[in-house]
Amino acid sequence: MSSIVRKVITSKKCPKAVAAYSQAIVADRTVYCSGMLGLEVDSLKLVPGGAAPQAAKALEHLATLLAEAGSGIDKVVKTTILLNDMNDYAAVNEEYKKVFSSNFPARTCYGGVKLPLGAAVEIEVVALTGAVVNISE
């Protein structure tokens, strides 16, 4: 039986883990990123302005983390978005569309969730590494 590589990924350019979890794990050619909040790296405080700027910052951190793992936004296959308030859906979606503009990943969005540190939004992604060919119908 062949082995599968499991590698812990961390980046000092992203907020450090605030509990017992890794920022990301690469298992074989798949990257699993933990939920990311819109935090300032140095202070670990939420960016001001609510859900939209927090989503933008979380997506920025995820892009950085994916690059560290040898992946990228273009290789994301699944996202999960957690919202404190579903009324923020449209604003978060606008930020999301700035990052994911085509070949959209599969996505799930939950609302009414109490998030860590009082965040308005948390985003996690699953992505691939290596050469990826996108085929759209």
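These entries record what I looked up in a predicted model.

**Entry 1**

I found 6 strands in an open sheet, arranged in the order 1-2-3-6-4-5, with mixed pairing. Strand 1 (6-9) and strand 5 stand at the edges with a single partner strand each, so one side of each has no neighbour in the sheet.

For one pair I checked the sense of the pairing. In general, strands of a sheet pair through backbone hydrogen bonds, either parallel or antiparallel. I noted that strand 2 (residues 24-27) and strand 3 pair in the antiparallel sense, over 4 bridges. Within this pair, I looked up Ile25 and found Tyr32 of strand 3 as its bridge partner.

**Entry 2: the helices against the sheet**

Which strands does helix 1 touch? I found that helix 1 (residues 51-68) packs on the sheet and touches strand 1, strand 2, strand 3, strand 4 and strand 6 (121-128). The direction of helix 1 makes about 150° with that of strand 3. For helix 2, I recorded a position across strand 4, strand 5 and strand 6, with an angle of about 150° to strand 4.

**Entry 3: salt bridges**

I searched the whole structure for salt bridges and recorded 3. I examined one of them, in which the side chains of Glu60 and Lys57 meet at 3.4 Å, N to O. Both residues belong to helix 1, where they lie 3 residues apart, about one turn of the helix.

**Entry 4: the largest pocket**

For the largest pocket I noted a volume of about 200 Å³. Its lining comprises 14 residues, and Val18, Tyr21, Gly35, Leu37 and Glu122 lie nearest the centre of the pocket. Which element supplies the largest share of this lining? I found that strand 3 (residues 30-37) does, with 4 residues. By residue class, I recorded 9 nonpolar, 3 polar and 2 charged residues in the lining of the largest pocket.

**Entry 5: the cavity**

How many cavities of 30 Å³ or more are there? I counted 1, and the largest cavity has a volume of about 30 Å³. I listed the residues that line the largest cavity as Ile81, Leu83, Tyr89, Val92, Asn93, Arg107 and Cys109. At least two lining residues come from each of strand 4 (76-83), helix 2 (89-99) and strand 5 (106-110). Helix 2 gives the largest share, 3 residues.

Methods
Residues numbered from 1 in each chain as written. Predicted model: local features only at pLDDT ≥ 70, side-chain atom pairs only at ≥ 80, totals over all residues. Heavy atoms only, no water. 1 Å grid on protein atoms, 1.4 Å probe; cavity = no way out; pocket = protein on both sides within 12 Å on 5 of 7 lines; lining within 4 Å. Points joined across faces, edges and corners; volume = space filled by probe spheres on them. Nonpolar A, V, L, I, M, F, W, Y, C, P; charged D, E, K, R; others polar. Pairing = 2+ DSSP bridges. Contact = heavy atoms within 4.5 Å. Axes fitted to C-alpha atoms, helices over the stretch in contact; angles between N-to-C directions. Salt bridge = Lys/Arg side-chain N within 4 Å of Asp/Glu carboxyl O.
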